[in-house]
Amino acid sequence: MAKKVLVAYGTTNGSTAEIAEAVAGVLREEGLTAEARAAGSVASAASYDAVVVGGGLYAGRWHRDARRFVRRHGKELAGRPLWLFSSGPLDASATERDIPPVPWVQKALARLDARDHVTFGGCLREGAKGWVARMILRDGKGGDFRDFGRIEAWAAGIGRELKSG
(Lines give C-alpha, C1' and ligand atoms only; values in the text may rest on other atoms or scores of the structure.)
Protein backbone atom coordinates (compact mmCIF):
# COMPACT_ATOMS: atom_id res chain seq x y z
CA MET A 1 0.00 0.00 0.00
CA ALA A 2 1.33 3.45 -0.95
CA LYS A 3 2.25 5.75 1.87
CA LYS A 4 0.04 8.82 2.27
CA VAL A 5 1.91 12.13 2.48
CA LEU A 6 0.57 15.56 3.41
CA VAL A 7 2.32 18.63 2.04
CA ALA A 8 0.94 21.49 4.14
CA TYR A 9 1.86 25.08 3.40
CA GLY A 10 1.46 28.65 4.57
CA THR A 11 1.47 31.28 1.84
CA THR A 12 0.29 34.83 1.26
CA ASN A 13 0.63 35.29 -2.48
CA GLY A 14 0.69 31.68 -3.72
CA SER A 15 4.39 31.10 -4.35
CA THR A 16 4.80 28.63 -1.48
CA ALA A 17 1.61 26.86 -2.55
CA GLU A 18 3.14 26.31 -6.00
CA ILE A 19 6.25 24.81 -4.38
CA ALA A 20 4.06 22.53 -2.25
CA GLU A 21 2.13 21.40 -5.34
CA ALA A 22 5.43 20.62 -7.09
CA VAL A 23 6.62 18.58 -4.09
CA ALA A 24 3.33 16.65 -3.95
CA GLY A 25 3.52 16.02 -7.71
CA VAL A 26 6.99 14.52 -7.46
CA LEU A 27 5.92 12.34 -4.52
CA ARG A 28 3.03 11.02 -6.62
CA GLU A 29 5.48 10.27 -9.46
CA GLU A 30 7.50 8.32 -6.88
CA GLY A 31 4.44 6.11 -6.30
CA LEU A 32 3.20 7.72 -3.08
CA THR A 33 -0.23 9.16 -2.36
CA ALA A 34 0.41 12.87 -1.77
CA GLU A 35 -1.70 15.97 -1.47
CA ALA A 36 -0.82 19.63 -1.01
CA ARG A 37 -3.15 21.56 1.29
CA ALA A 38 -3.21 24.99 2.85
CA ALA A 39 -2.01 24.53 6.43
CA GLY A 40 -5.04 26.33 7.84
CA SER A 41 -7.40 23.87 6.16
CA VAL A 42 -5.96 20.72 7.77
CA ALA A 43 -7.97 19.51 10.78
CA SER A 44 -5.67 16.57 11.56
CA ALA A 45 -2.44 15.02 10.33
CA ALA A 46 -3.21 11.66 11.95
CA SER A 47 -4.27 9.93 8.73
CA TYR A 48 -0.94 10.64 6.99
CA ASP A 49 2.14 8.45 7.11
CA ALA A 50 4.50 11.40 6.55
CA VAL A 51 4.26 15.18 6.44
CA VAL A 52 6.08 17.99 4.65
CA VAL A 53 5.41 21.53 5.91
CA GLY A 54 6.40 24.65 4.04
CA GLY A 55 6.16 28.29 4.92
CA GLY A 56 6.89 31.50 3.12
CA LEU A 57 9.37 33.78 4.85
CA TYR A 58 8.25 37.29 5.68
CA ALA A 59 10.56 39.67 7.54
CA GLY A 60 12.56 36.74 8.91
CA ARG A 61 9.52 34.79 10.12
CA TRP A 62 7.86 31.66 8.79
CA HIS A 63 4.30 32.21 7.56
CA ARG A 64 1.78 32.35 10.42
CA ASP A 65 -0.35 29.49 9.03
CA ALA A 66 2.67 27.17 8.85
CA ARG A 67 3.67 28.05 12.44
CA ARG A 68 0.13 27.47 13.69
CA PHE A 69 -0.07 24.13 11.87
CA VAL A 70 3.14 22.90 13.50
CA ARG A 71 2.02 24.05 16.95
CA ARG A 72 -1.50 22.59 16.66
CA HIS A 73 -0.41 19.25 15.24
CA GLY A 74 2.93 18.87 17.02
CA LYS A 75 2.07 15.56 18.71
CA GLU A 76 0.93 14.03 15.41
CA LEU A 77 3.99 15.38 13.57
CA ALA A 78 6.43 14.06 16.18
CA GLY A 79 5.20 10.53 15.54
CA ARG A 80 5.89 10.38 11.81
CA PRO A 81 8.53 11.31 9.22
CA LEU A 82 8.62 15.11 8.83
CA TRP A 83 10.36 17.51 6.47
CA LEU A 84 10.22 21.31 6.49
CA PHE A 85 10.90 23.91 3.84
CA SER A 86 10.97 27.68 3.65
CA SER A 87 10.60 29.93 0.65
CA GLY A 88 11.40 33.53 0.39
CA PRO A 89 14.74 35.01 -0.59
CA LEU A 90 14.10 37.32 -3.55
CA ASP A 91 17.53 36.72 -5.03
CA ALA A 92 19.67 33.78 -6.13
CA SER A 93 21.08 33.14 -2.63
CA ALA A 94 18.97 30.04 -1.97
CA THR A 95 20.39 28.39 -5.09
CA GLU A 96 23.95 29.51 -4.41
CA ARG A 97 24.26 28.34 -0.81
CA ASP A 98 22.46 26.56 2.01
CA ILE A 99 20.40 29.07 3.98
CA PRO A 100 19.79 27.98 7.56
CA PRO A 101 16.25 27.96 8.91
CA VAL A 102 14.95 30.98 10.79
CA PRO A 103 15.07 30.55 14.61
CA TRP A 104 11.44 29.41 15.05
CA VAL A 105 11.87 26.74 12.37
CA GLN A 106 15.22 25.66 13.85
CA LYS A 107 13.49 25.03 17.19
CA ALA A 108 10.67 23.10 15.49
CA LEU A 109 13.23 20.96 13.63
CA ALA A 110 14.86 19.95 16.90
CA ARG A 111 11.65 19.56 18.92
CA LEU A 112 9.91 17.38 16.31
CA ASP A 113 13.02 15.52 15.11
CA ALA A 114 12.36 16.60 11.51
CA ARG A 115 14.50 14.85 8.93
CA ASP A 116 15.46 17.90 6.90
CA HIS A 117 14.87 21.55 6.17
CA VAL A 118 15.68 23.48 3.02
CA THR A 119 15.19 27.10 1.98
CA PHE A 120 14.10 27.72 -1.60
CA GLY A 121 14.09 31.04 -3.41
CA GLY A 122 10.88 32.99 -3.36
CA CYS A 123 8.65 34.67 -5.89
CA LEU A 124 6.98 38.05 -5.76
CA ARG A 125 4.87 39.13 -8.74
CA GLU A 126 2.87 42.20 -9.65
CA GLY A 127 -0.44 42.28 -7.81
CA ALA A 128 1.02 40.80 -4.61
CA LYS A 129 -0.85 41.53 -1.39
CA GLY A 130 0.59 43.75 1.31
CA TRP A 131 2.20 47.13 1.60
CA VAL A 132 5.72 45.71 2.00
CA ALA A 133 5.29 43.50 -1.07
CA ARG A 134 4.14 46.49 -3.12
CA MET A 135 7.18 48.50 -1.95
CA ILE A 136 9.54 45.66 -2.90
CA LEU A 137 7.95 45.48 -6.34
CA ARG A 138 8.03 49.26 -6.74
CA ASP A 139 11.77 49.15 -6.02
CA GLY A 140 12.22 46.57 -8.79
CA LYS A 141 13.23 43.76 -6.44
CA GLY A 142 10.49 41.27 -7.22
CA GLY A 143 10.75 38.29 -9.52
CA ASP A 144 10.73 34.52 -9.44
CA PHE A 145 13.79 32.99 -7.79
CA ARG A 146 12.41 29.48 -7.29
CA ASP A 147 14.55 26.67 -8.70
CA PHE A 148 12.05 23.95 -9.57
CA GLY A 149 14.82 21.53 -10.52
CA ARG A 150 16.20 21.81 -6.99
CA ILE A 151 12.70 21.59 -5.47
CA GLU A 152 11.90 18.45 -7.48
CA ALA A 153 15.24 16.82 -6.61
CA TRP A 154 14.59 17.45 -2.89
CA ALA A 155 11.09 15.99 -3.18
CA ALA A 156 12.41 12.93 -5.06
CA GLY A 157 14.84 12.32 -2.18
CA ILE A 158 11.92 12.36 0.26
CA GLY A 159 10.08 9.89 -1.95
CA ARG A 160 13.05 7.53 -2.10
CA GLU A 161 13.50 7.72 1.66
CA LEU A 162 9.83 6.94 2.31
CA LYS A 163 9.81 4.03 -0.11
CA SER A 164 12.97 2.50 1.33
CA GLY A 165 11.96 2.61 4.94
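Predicted model: local features only at pLDDT ≥ 70, side-chain atom pairs only at ≥ 80, totals over all residues.
Local features need pLDDT of at least 70, side-chain atom pairs count only at pLDDT 80 or more, and totals for chains, interfaces and linings use all residues. Residues are numbered from 1 along each chain as its sequence is written, and side-chain values use heavy atoms, with hydrogens and water left out.

View 1. Strand β3 covers residues 50–58. Strands (E, at least two residues) and helices (H or I, at least four) are DSSP runs, numbered from the N terminus. Seven of the nine β3 residues are buried, so the strand is largely enclosed by the rest of the structure. Buried means under 20% relative accessible area, exposed over 50%, and partly exposed in between (1.4 Å probe, protein chains only). Strands pair if DSSP finds at least two bridges between them. β3 pairs in the parallel sense with β1 (residues 4–10) over six bridges; Val 7 stands opposite Val 52. Six bridges also join β3 to β5 (residues 82–87), again parallel, and Val 53 has Leu 84 as its bridge partner there.

**View 2. The β3–β4 hairpin.** β4 (residues 61–62) runs antiparallel to β3, joined by two bridges. Tyr 58 is the bridge partner of Arg 61. Two residues lie between the strands, and Ala 59 takes a positive phi near 50°.

**View 3. The aromatic cluster.** Phe 85, Phe 120 and Trp 154 form one cluster. The structure holds four aromatic pairs. Rings of Phe, Tyr and Trp (its six-membered ring) pair if their centres lie within 6.5 Å; planes under 30 degrees apart are stacked, over 60 edge-to-face, and the rest tilted. Phe 120 and Trp 154 have ring centres 5.7 Å apart and planes at 75°, so this pair is edge-to-face. Phe 120 lies in β6 (residues 116–120) and Trp 154 in helix α7 (residues 148–164), so the pair ties together parts 34 residues apart in sequence.

**View 4. His 117 and its surroundings.** His 117 lies in strand β6. His 117 is buried, with a relative accessible area of 10%. A polar contact of 2.8 Å joins its side chain to that of Ser 86. Such a contact is a pair of N or O atoms within 3.5 Å; within protein, one must be able to donate a hydrogen and the other to accept it, and residues adjacent in sequence count only if both atoms are side-chain atoms. Not counting residues up to four places away in sequence, His 117 touches Leu 84, Phe 85, Ser 86, Ile 99, Pro 101, Val 105 and Leu 109. Here contact means heavy atoms within 4.5 Å.

View 5. The whole structure has eight salt bridges. Each is a side-chain nitrogen of Lys or Arg within 4 Å of a carboxyl oxygen of Asp or Glu. Arg 125 pairs with Glu 18, their closest N and O atoms 3.2 Å apart. This pair links distant parts of the chain: Arg 125 in the loop between β7 (123–124) and α6 (131–138), Glu 18 in α1 (residues 15–29), 107 residues apart. Arg 125 is partly exposed at 39%, as is Glu 18 at 34%. Asp 144 and Arg 146 meet at 2.8 Å, N to O. Asp 144 is partly exposed at 41%, whereas Arg 146 is buried at 10%. Salt bridges that share partners join Glu 18, Arg 125, Asp 144 and Arg 146 into one network.
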